[in-house]
Amino acid sequence: MITETFVRGRGPLYSFDPRPKFILLVYLVVLFLSVSSALIAGILVLAVLLLIWGSLGFKKSWIPVKSILPILILTAVLTPPFNTEGSVLLNLGEHTILTDGGVRLTLVLILRFTGITSVFYLFFSTTRTESFILALRSLGLPYRAALTVTISLRYIPDMFNTYHRITDAHKLRTAGTGRENGGFRHRLGSLFPVLISILIHAVKTIPSLAMALDSKGLGRANPRTSCRKLEPWMAISRQLFLTAFLMTVLTAVAVLLPL
Amino acid sequence: MKKGHLTIKELNFRYPSWSGVSERQIFTDVSLELLPGEISVIFGGAESGKSSLALVISALVPKHTGGKISGSIDLDGLNIPGTGPAELTENCGIVFQDPERQTVTTECYTEVAFPLESLGVPFDEMDDRIRKNFDILGISHLVDKPVGETSGGEKKKIALAGLFVVAPDLWILDETMEELDNPYRVELMEKLKASGKTILILTSKYFSVFKKADSFYLLKDGTLSPRETGVFSRGFKKLLTEEGIIPDFSKLERSKPVNSGFTAGRPDSLLTAENLLYRYDGGFQLFIDSFTLSEGETLSIVGRNGCGKSTLAMLLCGLIEPSGGAIHAAGIEGVPPGNGALPAQLNAHCAYMFQNPDYQIFLPTVYDELAWGLKEAGCSPDIIKARVESTIVEFGLPDASTPPAMMSFSARKRLQAAIYYLLKRPVFILDEADTGLSFSDFIDLVERLKQICRGLIIITHNLELAAAVSDRVVGMSGGKIYKDILDFSADRLNEWLTESVDKHGDEE
């Protein structure tokens, strides 16, 4: 199963050069990590979700949130009891469970995770893998390092699909035994063979991928060419200017409005 | 001087031992000479060492697997075992048995471009070469397609395009005819002949496709038979028949499946579908206005690569839900007539053997794999042990403690079949299950399944098999079932497939 993160489509984000787009991605990740205001983080997340909606459709805008939902739930449950700064909102016996500081931090963390996941999702859904390699090379990363990054990224959805395939196989084998809808313990128990299988699948991929790359001439002494080209830097000057403008405005908002 | 002169002398190879797998000799004193421009075919049954030989000749083994090698492999004066595989790109190219394992990018175009990029072919020249070879192979419609949206056969064609575009001096094709439809196999042989390159084909079947090749060998028990040239001799044909490479249908009984004891007084239609619709994001749409599998029937579905056969199979066994229409399983208890069966109900009644066995094998040993379903079904340890042991013998599987990951492709296929055999489902769907199995192994599997199931659906590109084992054959093209093929001799099926392309175009 060969899968990719790219979603075919049209729109300004698709035609945006991968280099400024990548710079913007890195900048937004840093911004999400440094913003401590729930309001600003919330506005940024909303903006990114709206961009996903506009570029990929309404249904897709919930995919990044859905993919990290367990992490968000754990954050929401575990953060407040361990961060008890500020005025107390809820006590359970002698223990403080909820404070306004804890609520604020939880909100910021949830928005931060959602924001970072969403910008990555948006970037890889609107950027072809090969364009990303070219962007990384153009920004000074050696080809092998760029290829390693993109192959690793390719294998994330690949393993996700493998997981689905294997759970499908499980479903077909357990169907009719009355245990397919077993309790939590049973489901947890049946998760182990699936995880082992994914691990075996991933380990088996290593030599076959190495063979495939070798058979396609990766690592030859001669210089490597590319079947795709990026525009010269001058040709994307407007996009670069727009990127710089956006980064300036967002930095100004984050610095000047520390709510 | 024309290039592509391959000389192999006294080649020996053995893989290293692994936990659960002892060191084993793969071939002994293999000697072979291929003259420039010659097409040579090495036949061999399951686990005869064909893939290992292909990988050794292309210098990928033992580099990536370890193992002991002795003897010499010389290509136009180049010592292959002493050269890095990447440096051989212009000299020797290979198409793997499993094309998914050879794919490194996510787009068909960039996948074919990858070796050209490695060779440093200039940007301006590359596009022409890629498009020209997509065109030569009749797959221009795949140029802009993501690899993930292609069928197994289309992936093989993409791997072939990667070879055609580089045009090395020696081409090695490992079971490349598998998963390709029959008219395409014939076309491909013409294209290979026209290339003028030295070509080594390793195969376990499709004897008749290779009649125009120049030399033939049989790899058996690690040794290579003497060279046969031109038309096959009677003795060689006998040898191939004994090995299960030439099908021998004379012993085949068109026996009806027997009742596995699910319901009594059931209607004749076991599985039916009406106005079944499934849409992919990429635009491909499957629409089946009417489909029936009757009680006791063995039905084959044939069609060219990418026509929607596997999608139909996944719908019928409830792995994907239709966008429209319904599937009725008349024999399933608890499903009121008129209602469509739920996916979970279909899961429990249709065993589906995936094209790729690795998605259905996920436990550490052969024993664990076979015992898993029985444990889930609540069988006692003694019954599990007895049934697993007898199944290992019946399906010719390696020792119970062998890790499936270390087994050959055909052994993993047999294990996959054995797993579902033990589950005893009323309906079995075999999706290109013949891939990687010899004719005799596949026929044996079909015969075994007929003994325990109430209906069998076989999806195959092997028209001889379809003709021999089926009670009925339907043809698919462009996401639709076009008709029941009443006269389904292998020749007639081949004609139908060729006509289906003329009428409906190649699959998009």
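I started at Ala273(B), which stands opposite Ile327(B) in S15(B). The model is a predicted one: local features need pLDDT of at least 70, side-chain atom pairs count only at pLDDT 80 or more, and totals for chains, interfaces and linings use all residues. Residues are numbered from 1 along each chain as its sequence is written, chains are lettered from A and ligands numbered from 1 in the order in which they are written, and side-chain values use heavy atoms, with hydrogens and water left out.

Next I checked the strands (DSSP runs of E, at least two residues; helices are runs of H or I, at least four; both numbered from the N terminus). Strand S12 (residues 269–279) of chain B is joined to S15(B) by 4 bridges, and the two run antiparallel. Strands pair if DSSP finds at least two bridges between them.

Then I looked at the whole sheet. It is open, with 3 strands of chain B in the order S13-S12-S15, paired antiparallel. S13 (285–294) and S15 (324–328) of chain B are at the edges with a single partner strand each, so one side of each has no neighbour in the sheet. From one strand to the next, the twist averages 10 degrees.

Where is Val249(A)? I found Val249(A) in helix H10 (residues 237–256). Gly57(A) is in the loop between helix H3 (38–56) and helix H4 (63–67), and counts as partly exposed at 24%.

Terms used
Buried < 20%, exposed > 50% of the residue type's maximum accessible area, 1.4 Å probe, protein only. Axes fitted to C-alpha atoms, helices over the stretch in contact; angles between N-to-C directions.
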